[in-house]
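Hi everyone, thanks for coming. Let me put the sequence and the structure up on the screen, and then I'll walk you through a few spots.

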Amino acid sequence: MRAWQVHGKGEPIHVLKQAEIPTPPPAPGQLQVRVTAAGIGLPDVLMARGTYPLTPALPFTPGQELTGVVSAVGTGVDTPIGTRVMSTSGFVEGHGSFAEYTVVYADQAFAVPSALGDAAAAGFWIPHMTGWVALVDRGRITSGDWLAVLGAAGGSGIAAVQLGNALGARVIAVVGDEAKADFCRGLGAEAVVVHEKGGLAADLRAASGGRGVDLIYDPVGGEPAEEAHGALARDGRLLAVGFASGRWPVIDTQVLVMTGTSLFGVFAGAYSRGELEAVHAKLSELLTAGRLLCAVTERVAFDELPRALQRLENRDVIGKLVLDAP
């Protein structure tokens, strides 16, 4: 089968190579899936560099997100062949989604809601599932809360903007330029802060009428998150989701104590199948009701993957990119 593989550590444009490799058979508890579309995300860039915590041994096929059709099943699995699923891939074992076929664990695969086409489904599950875990389970969001979303025009941020809006929050999108600001207004953000460097806490307080925000959804980390923390109202929650800036935020415990705020880590990897099924059901309800929009803004031809990842790293992307099947 055709697949993209990482053969060294470096920028995707340099270390990603197409190869013909054996089609992976499903192990017990796994599904083999013919990939129809694959979500593209910043973790794929970090894996190419070797800086992502779950980077597999070289060489490996990256790609965490996919939709596709089940083509074979391992022992102990009763999913019918031909079932259309969306899932995280077996990227930890080197079997990512940037290939004709991949293998996924059956308990990580979910039926595709009828409202989603292949491309939309490929870019839906991880961002929106993570958004639900962060905002609902960890953040305990309620209607009327002020929610600031960092990196709001990126793949993770757009899910949080939409979910926050659907759940009745007053969403402030934090972005890097006016084009991204217009995009986030179209997703339902009540206010937008265009932030380059410095003054973010004051800008967020101003956008919330001086009150401060109740939650900060943070897939960025680093200095932007540290600055934004100063905008939290009492009992506010900083939700640490990712570190697109290159590092996690460092928040002094004394500051947390003196401001009456909290830092919450967000990790959906430890969720049980039953918990994830409940999240899937809630997201499907929102889709069916028309309260979530397709966030995929561009489909990328299979041969163009390295350039697309480089654009993502260069912050030249608005919204979510999805790779077409070869």
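Before we start, when I say helix or strand, I mean DSSP runs, with helices being H or I of at least four residues and strands being E of at least two, numbered from the N terminus. Keep in mind that this is a predicted model, where local features need pLDDT of at least 70, side-chain atom pairs count only at pLDDT 80 or more, and totals for chains, interfaces and linings use all residues. Residues are numbered from 1 along each chain as its sequence is written, and side-chain values use heavy atoms, with hydrogens and water left out.

Okay, backbone first. Most residues other than glycine have a negative phi, and most peptide bonds are trans. Now look at Leu58 and Pro59: the peptide bond joining them is cis, with omega at about -15 degrees. Pro59 sits in the loop that runs between helix H2 (42–49) and strand E4 (65–73).

Next, two arginines. Arg140 isn't a glycine, yet its phi is positive, near 50 degrees. You'll find Arg140 in the loop between helix H4 (125–138) and strand E8 (146–149). Is Arg140 buried or exposed? Here buried means under 20% relative accessible area, exposed over 50%, and partly exposed in between, using a 1.4 Å probe and protein chains only. Arg140 has 59% relative accessibility, so it counts as exposed.

Arg315 also has a positive phi, about 60 degrees, and its loop lies between helix H11 (305–313) and strand E15 (320–324). Arg315 comes out as partly exposed, because its relative accessibility is 40%.

Let's move to Ala231, in the loop between helix H8 (222–228) and strand E12 (232–240). Ala231 has a relative accessible area of 0%, so it is buried. Which residues does Ala231 touch, not counting those up to four places away in sequence? They are Ala201, Leu204, Arg205, Gly212 and Val213, where contact means heavy atoms within 4.5 Å. There's also Asp203, 28 residues away along the chain, whose C-alpha is separated from that of Ala231 by 8.4 Å.

Last stop, a pair of helices. On the H5 side, residues 155–166, and on the H6 side, residues 178–187, the axes come within 9 Å and cross at roughly 35 degrees. Those axes are lines fitted to C-alpha atoms over the stretch in contact, with angles from 0 to 180 degrees between N-to-C directions. H5 brings Ile158, Val161, Gln162 and Asn165 to the contact, and H6 brings Phe183, Cys184 and Leu187.
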